[in-house]
Amino acid sequence: MGHYAGDSLHILFRDFAYEHNGSLRMANTNIGDTTAKIFAELLSGPLMDIYVGESKRHWCLHRNLLCHHSTYFKDHVADDGKKKGSKLELLDEDPCAFELLVKWLYQGKIDDVSDMPVEKKWDYAYACQKLYVLCDKINLPQLKNFAIDQFRKGCFEAGLVPGPEEMKPIYDKTPRSSPFRKLVSRIVARQIMDPDAQNDAGTYRMCFEGNSDFAIDVINAIREGAGGTLFQDPTEGGGCAYHEHGNGQLCDAG
């Protein structure tokens, strides 16, 4: 990661009490790589009250720092040079995910699931899934990458994969091009095709019914994973498998 030039502070928003020196833009480096001077300026100025989840858990964070990271916060702060206020509600988001966001905003990193005991790995992986959805909403691509990496690693190290209840929000809240959709569809394809797994396609009925893209992605993932293997021709050979009769009943069709 590169460093900011000496006295150049690249943030999206500064308090109106401060002098405005030129255009402001989004952060292009890790916050941990900024100089002490810049970091101090980011932690100056007004605060923003943010309420997260149904419980409206409250955080009070530095507005300059928030706007330094994302245009989403800038858009909720200023409009044509006028203050919109210092309150933001994210009631559809999860406080556990927002905790991870706060750590990254101020430290430029999140915890590594590999350093956690096995019994905590899945919970952390699932929190990272929710963090990914949050970052997709507020436009933080770098943190999205960190989050999906921790999710994958957490699933692998815990020996667990998400069920349909955990997968459905990914398709409900992310765009068609989302890499997390690709990941989820490949997980499902592997589970369906695993001869030792107890899951079949019916396990994911709620996902198939909720979003047609899910079905398309899973079918394409199965085709890709099959490696070009052609299934047996269903129009060839005996037709007993397609006849209606009781189990064990002799098939007398011609």
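**Helix packing**

Modeller: Helix H4 (residues 95–107) packs against H5 at an angle of about 70 degrees, and their axes are 8 Å apart. Axes here are lines fitted to C-alpha atoms, for helices over the stretch in contact, and angles run from 0 to 180 degrees between N-to-C directions. This is a predicted model: local features need pLDDT of at least 70, side-chain atom pairs count only at pLDDT 80 or more, and totals for chains, interfaces and linings use all residues. Residues are numbered from 1 along each chain as its sequence is written, and side-chain values use heavy atoms, with hydrogens and water left out.

Biologist: How are H4 and H5 oriented to each other, parallel or perpendicular?
Modeller: In general, two packed helices are described by the angle between their axes and the distance between the axes. H4 and H5 are therefore roughly perpendicular to each other. The cut-offs are under 35 degrees for roughly parallel, over 145 for roughly antiparallel, 65 to 115 for roughly perpendicular, and oblique for the rest.

Biologist: Which residues of H4 and H5 meet?
Modeller: From H4 come Ala 97, Phe 98, Leu 100 and Leu 101; from H5 come Tyr 124, Ala 127, Cys 128, Lys 130, Leu 131, Leu 134 and Ile 138. By type, the residues of this contact divide into 10 nonpolar, no polar and 1 charged. Ala, Val, Leu, Ile, Met, Phe, Trp, Tyr, Cys and Pro count as nonpolar, Asp, Glu, Lys and Arg as charged, and the others, Gly among them, as polar. Contact means heavy atoms within 4.5 Å.

**The whole fold and its core**

Biologist: How many helices and strands does the protein have?
Modeller: There are 10 helices and 5 strands. Both are DSSP runs numbered from the N terminus: helices are H or I with at least four residues, strands are E with at least two. Of the 254 residues, 37% count as buried. Buried means under 20% relative accessible area, exposed over 50%, and partly exposed in between (1.4 Å probe, protein chains only). Among contacts with a separation of 6 or more, 65% come from residues 24 or more positions apart.

Biologist: Which residues have the most contacts inside the largest nonpolar core?
Modeller: That core has 58 residues, and those with the most contacts inside it are Ile 50, Phe 73, Phe 98, Leu 101 and Leu 131. H5 gives the most to this core, with 11 residues. A nonpolar core is a set of buried Ala, Val, Leu, Ile, Met, Phe, Trp, Tyr and Cys residues joined through side-chain atoms within 4.5 Å. Beyond its neighbours within four places in sequence, Ile 50 is in contact with residues including Trp 59, Phe 73, Leu 88 and Phe 98.

**Buried residues**

Biologist: Is Lys 121 buried or exposed?
Modeller: Lys 121 lies in helix H5 (residues 118–138) and is buried, with a relative accessible area of 6%. Its side chain and that of Glu 157 are joined by a polar contact of 2.7 Å. A polar contact is a pair of N or O atoms within 3.5 Å; within protein, one must be able to donate a hydrogen and the other to accept it, and residues adjacent in sequence count only if both atoms are side-chain atoms. Not counting residues up to four places away, Lys 121 also touches Val 113, Ser 114, Met 116, Gly 154 and Ala 158.

Biologist: What does Ala 147 touch?
Modeller: Ala 147 is in helix H6 and is buried, with a relative accessible area of 0%. Leaving out residues up to four places away, Ala 147 touches Ile 110, Cys 128, Leu 131 and Tyr 132. The C-alpha atoms of Ala 147 and Ile 110 are separated by 8.4 Å, although the two are 37 residues apart along the chain.

**Positive phi**

Biologist: Where does a residue other than glycine have a positive phi?
Modeller: Most residues other than glycine have a negative phi, and most peptide bonds are trans. Lys 56 has a phi near 55 degrees; this residue lies in the loop between strand E1 (47–52) and strand E2 (57–62). Asn 139 has a positive phi of about 65 degrees and lies in the loop between H5 and H6. Lys 56 is partly exposed at 41% relative accessibility, and Asn 139 is partly exposed at 39%.
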